Amino acid sequence: MAEPRPDEMEFYKQEELVQIDYTPPQTSWMRTPVDFRPGSWIYPAKARHLEYLGLANPREWSPLDEDWKLPEDWKEIIFEGMRERLNKYRSFKLFMDICVRCGACADKCHFYIGGGDPKNMPVLRAELLRSVYRRDFTLAGKLVGKWVGARELTPEVLKEWFYYFFQCTECRRCSVFCPYGIDTAEITIMGRELLNLLGLNVNWVIEPVSNCFRTGNHLGIQPHGLKDTLEFFAEDIEEVTGIQVEIPINRKGAEILFVTPSGDFLADPGTYTCMGYMMLFHELGLDYTWSSYASEGGNFGLFTSHEMIKRLNAKIYAEARRLGVKWILGGECGHMWRVLHQYMDTMNGPADFLEVPKSPVTGTVFENAASTRMVHIIEFVADAIRNNKLRLDPSRNDGLRVTFHDSCNPARSMGFFEEPRYVIKSVCNHFCEMPENTIREQTFCCGGGAGLGTDENMEMRLRGGFPRGNAVRYVQEKHGVNRLACICAIDRATLSTVCDYWAPGVEVTGIHELVANAMVMEGEKERTLNLRLEPIERGEGVS
Amino acid sequence: MADFVVGDITLDIDEDGFIQQPEAWNEAIAKALAKTEGVDELTEAHWKVVNYLRDYYLEFGIAPMIRKLCKSTGFKLKEIYELFPSGPAKGACKVAGLPKPTGCV
């Protein structure tokens, strides 16, 4: 019998995992070395993907190796990289300088709550970088060093950066509580960007990025594979509704380009939400197209470098221009929306070759998207429902007791709180909220965002998913919740694992699966099956 | 990267034991990979899954969605777990010589 592997969940006994030790180590934080234990770190980026992307230092290595095969002048590269970024990004300089270490963020991180490692306190995680900044970029640090919390950059410090900057999901929950408004995700983003200068990234980030340029999406789905996938969904839709939906791909002159994360093409339960989009667009008679080139909403550039964010985001707009669409509609994705809402406009915008999005169904003009020309599908469908453009029979979702996980980026980066709830309540009769300090702007991360959702990192995923899983379990026990809705593909994948572990019996869904189940379609046959091909349970007294 | 030796062929495998040269795959390699998954003998049912995955991979360059695998082979997900204890992605795909899927999955 082989040793149990960290990707096998049985390896983690729940009663042991919840014994969280919040006692800090005896040694001071600067003298506590990083421990790469199985289940808490991620495989490094493979050389062939770094090569493909033209990124630094492609080689075979492992974090467990003593020698990380760094370039000879690695220190100069980091210092030069810091200098360049401190000059370029005022926010970075500000966030390095203004933290007073008040500790308001300390107990707000899901990894700290679920793991107890003090270096997962956002303040201390940032201090890993600040200490180096202080020593080499501030006068006080240069003069009195350690007395002001400054320290030298050594290979050990670099290892610590790699370990802890890939134990942050950039979810920004801590930032909500920072009295100075420090965006701690930006510190992780900068930390990772510096690590990338030395070829230190994880494969779960870099392979998807590389695939995006190679085939159009994270998963490496090729154009004929996309067509085959959507045809497969169309077959199941026909089985459920008796209706044949159209599959427009790369269609020039369509009014709308639709872009969603490619996880929705491969992994359940995202696939059901993808079917939901297809049914919705058919029912509304939308003049739209999928694209095989821009077949990815997710932007893992956010976990690599600003340059990569820009390059990946530009693909969507290049395709919109090539196809001659009027505007872009975006699916249930997480990080895509932080990029769209907070980066796109200054990186690749304004997209003034497109038109200001106007719903062909309701005539509503989305002024909020006047510059990016890209609308979130929840906003779009909420508008259609509010204007009575969809016939809905929520009783078809009566078998479900639904709660909503605010996906971090649409919530904290866009302020998307009401639209998802409005849509869910329109299509489901049974909805309840999780406790208030776990939702909306205080929502707890799934524990697997920002490229951490891979199985070798399972212990950290389960620990980081604990606060969310615990809140789900609470409403499961109190209100019989059996379905957790969310609007992010990483959520759909990683929360399934989190629920299996912390709240078994609760399944995960995208909102458009719920919408499509409730949607009464023109010419449909009697609906007896839901999109999962399970019999529909209707409530008593409802036809 | 570790070596994986089958007869006179030496392949690279990644941290999880997936072969890195999918084009070099053959039946002997499948049998050897199956042993690493605790599957000592590949039955007709195993081959049905493996051959489907292989054909799909050769046509599309990636693994199929699990629902499609089930529908096309007629096996329920539970049955696939019985055949390959690590499941369709980590078990069956590994034996069929496919790369691991990455991204929001």
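In this predicted model, helices α8(A) and α10(A) are oblique to each other, because their axes cross at roughly 130°, and angles between 115 and 145 degrees are neither roughly perpendicular nor roughly antiparallel. Helix α8 spans residues 155-165 of chain A and helix α10 spans residues 184-196 of the chain, with the two axes coming within 10 Å. Their crossing is left-handed. On the α8(A) side, the contact is formed by A:Trp161, A:Phe162 and A:Phe165, and on the α10(A) side by A:Thr188, A:Gly191, A:Arg192 and A:Leu195. Classified by residue type, this contact comprises four nonpolar, two polar and one charged residues. In an α-helix, residues three or four places apart point the same way, because there are 3.6 residues a turn.

Attention now turns to another helix of chain A. Helix α17 (residues 377-386) of chain A is largely enclosed by the rest of the structure, because seven of its 10 residues are buried. The buried residues in α17(A) are A:Ile377, A:Ile378, A:Glu379, A:Phe380, A:Val381, A:Ala384 and A:Ile385. Among the elements of chain A that cover them are the helices α14 (270-284), α19 (418-427) and α23 (511-518), together with the strands β3 (327-330) and β4 (374-376). Just after α17(A), A:Asn388 adopts a positive phi of about 55°.

The final topic is the contact between the chains. Here 14 residues of chain B are in contact with 27 residues of chain A. Helix α3 (residues 66-73) of chain B supplies three residues, the largest share of the side of chain B that touches chain A. By class, that side of chain B has eight nonpolar, three polar and three charged residues.

Terms used:
Residues are numbered from 1 along each chain as its sequence is written. Chains are lettered from A and ligands numbered from 1 in the order in which they are written. This is a predicted model: local features need pLDDT of at least 70, side-chain atom pairs count only at pLDDT 80 or more; totals for chains, interfaces and linings use all residues. Axes are lines fitted to C-alpha atoms, for helices over the stretch in contact, and angles run from 0 to 180 degrees between N-to-C directions. Helices (H or I, at least four residues) and strands (E, at least two) are DSSP runs, numbered from the N terminus. Angles under 35 degrees count as roughly parallel, over 145 as roughly antiparallel, 65 to 115 as roughly perpendicular and the rest as oblique. A crossing is left-handed if the near helix is turned anticlockwise from the far one by less than a right angle, and right-handed if clockwise. Two residues are in contact if their C-beta atoms, placed from the backbone, lie within 7 Å. Ala, Val, Leu, Ile, Met, Phe, Trp, Tyr, Cys and Pro count as nonpolar, Asp, Glu, Lys and Arg as charged, and the others, Gly among them, as polar. A residue is buried if 20 or more other C-beta atoms lie within 10 Å of its own, exposed if 12 or fewer, and partly exposed in between; C-beta atoms are placed from the backbone.
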